[in-house]
Structure formats: C-alpha cells, structure tokens
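Colleague: I would like to learn how to read the features of a model like this one. Please take them in turn, with the general idea before the case.

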Amino acid sequence: RSFFGEWVGLGENVQEYLSTQFYNLAALSPHDWKVYEELRSLAQEKYGLGLTEGYLPGATLEHGLDVLQLIRSLGAFVARYTYNLNQQMFLEKPHVTTSKNLHTVHIHSVVNSIRTHGTGMMNTTVNAVYQFLGRRFHSFSQFLFEDHVKSRLLKDYRNFLETKQESRALFAVRRAEAFTRDIRKLGVADSGMSFLDSFRELITEVGNALGLVRMVRSAGLRYISESIKFVPDLARITPVRPL
C-alpha cells in the first residue's frame, strides 16, 4: 500500500516482525516454544504468513563429546567407558550413570575435535596417555612384585615348564582356580573388590587408553583425507596469462 507517497509491504513487515519476536521469545524461554509454534500455525492458516520456525533444540549431538575435555580427566574416562575394537567407539558403562542415555565417543567425535582444536590436540592426547600409562604400569609392576603374588606365580611357572609337554603348552584350569582362591585370601581393596579384580580393571584401563590413541590416529588420517581435497593439484593448475 501507498503510505505518504511510498509503497510499503505490510505483509512482509508483519511477517518479519512476528518471526523476530517469536524467535527472541523462544530463545528467552525455550519451554514456551509450543505456544509460539501454535501462533505461527495460526498466522499461516488465517493470514497466509510464512513465519520462520522459532523452535530451538535443547542440545546438539552432531559433534558429540569433546575429546580434549575427556583427556583432562583421562583416569575417569578409561574407567567409565568400554572400548569396542571393531566399531572404533567408546560406550559409557550403564552402571556408572543414572541417566537413561549413554554417552558414546566414536571416530567422528575425534575428527570434529581435531577440526575444532587443530591437529595439535593429537600430540596433547598422546602425551597425556603416555603419562597415564606410566602411572598404571607402575601399579601393574607393584602388584606382580608383591611377595605373595610373585611366589605363587613362580610356583605356577615352574609347574607349567615341567608339564609343558603333557599339557600341550596349556595352563591347567584347576591351577588357575587355585591361584584365584589364594589371591582372594589376601583380602579386598578399598573399593571392596578382590586384588585380582582390581588388577583386571587396571588391565582394562590400559587397553582403553591404548584404544584411545588408536582412535585418535585413525581420526587424524580421516581428517587429512577429508582436507586434502581442498589442496589444488599443481600439475593441473591453468597458468594465468597477461592480456
């Protein structure tokens, strides 16, 4: 319509104004997004106004967990997650969380972290895992060199050498069960588990840390393969000639 000699599109102005207001109000109070969605549908049905959807998602799952944040608490990460070697992913243990959803860390999450923080985070990850493994292997050796454990292992080792031919280089199950019973006699750790169960968890944590390094390496290769397509082929560059 003409307003003081100028043509003004009332429908477009009203549409832009309502879209802006609905979006801002939904951003301030996301729980009221249904009200603004109903008003948007009403404006579309009654007046034919194509308003922008004002619904804002509560979170995004595209990038997943930031690997750099997990590295800062590496000990908790390797204890709370299990590593799937075939699918190259970490899955949170169900008994360590009260949430109905379990967090996962897969190779795409690591690629997104490299894209966000740069390739320098790969060196940071390797250094953090190296220091973590040093502490874990120290605990590993302390358990093996404990007097009761060492004496029993040496006893089983000598028996294995003596019966190697008869048992076809297989360790007898009965001796493994006897070893487990002897270790349980040593008592339990502060966590309430036997020392052998704690040792199993220690080995699992070491494996998870090595799996993380393997995943970071694979993610780095994928990141480079995705980025190399933007590098021009020098043999196919068309020379620019002066006019």
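Modeller: Start with accessibility: buried means under 20% relative accessible area, exposed over 50%, and partly exposed lies in between. At 34%, Glu226 therefore counts as partly exposed. Keep in mind that this is a predicted model.

Colleague: Which residue meets Glu226 in a salt bridge?

Modeller: The partner is Arg115, with an N to O distance of 3.0 Å between the side chains. This pair links distant parts of the chain, since Arg115 sits in helix α5 and Glu226 in helix α9, 111 residues apart. Arg115 is partly exposed as well, at 44% relative accessible area.

Colleague: How many salt bridges are there in the whole structure?

Modeller: A search finds nine. One of them joins the side chains of Arg152 and Asp182, at 1.9 Å from N to O. Arg152 counts as buried because its relative accessibility is 13%, while Asp182 is partly exposed at 27%. Through shared partners, salt bridges connect Arg152, Asp156, Arg175, Asp182 and Lys185 in one network.

Colleague: What separates Arg40 and Glu37 in helix α2?

Modeller: About one helical turn, because they are three residues apart in that helix. Their side chains meet in a salt bridge of 2.7 Å, N to O. Arg40 is buried, with a relative accessible area of 17%.

Colleague: What is Val105 in contact with, leaving aside its neighbours within four places in sequence?

Modeller: Its contacts include Leu65, Val67, Leu70, Phe77, Phe90 and Met215. Gln88 and Met89 are also among them.

Colleague: In which sense do β3 and β4 pair?

Modeller: Antiparallel, over four bridges, with β3 at residues 81-84 and β4 at residues 89-92. The bridge partner of Asn84 is Met89 in β4. The two strands form a hairpin with four residues between them.

Colleague: How should I read the backbone angles in the turn?

Modeller: Most residues other than glycine have a negative phi. Gln88, in the loop between β3 and β4, has a positive phi near 55 degrees. At 12% relative accessibility, Gln88 counts as buried. Arg168 also has a positive phi, near 60 degrees.

Colleague: Where does Arg168 lie, and is Arg168 buried or exposed?

Modeller: Arg168 is in the loop between α7 and α8 (173-184). With a relative accessible area of 74%, Arg168 is exposed. Phe145, in the loop between α6 (120-144) and α7 (147-162), is likewise exposed, at 57%.

Key
Residues are numbered from 1 along each chain as its sequence is written. This is a predicted model: local features need pLDDT of at least 70, side-chain atom pairs count only at pLDDT 80 or more; totals for chains, interfaces and linings use all residues. Side-chain values use heavy atoms; hydrogens and water are left out. Buried means under 20% relative accessible area, exposed over 50%, partly exposed in between (1.4 Å probe, protein chains only). Contact means heavy atoms within 4.5 Å. Two strands pair if DSSP finds at least two bridges between them. A salt bridge is a side-chain nitrogen of Lys or Arg within 4 Å of a carboxyl oxygen of Asp or Glu.
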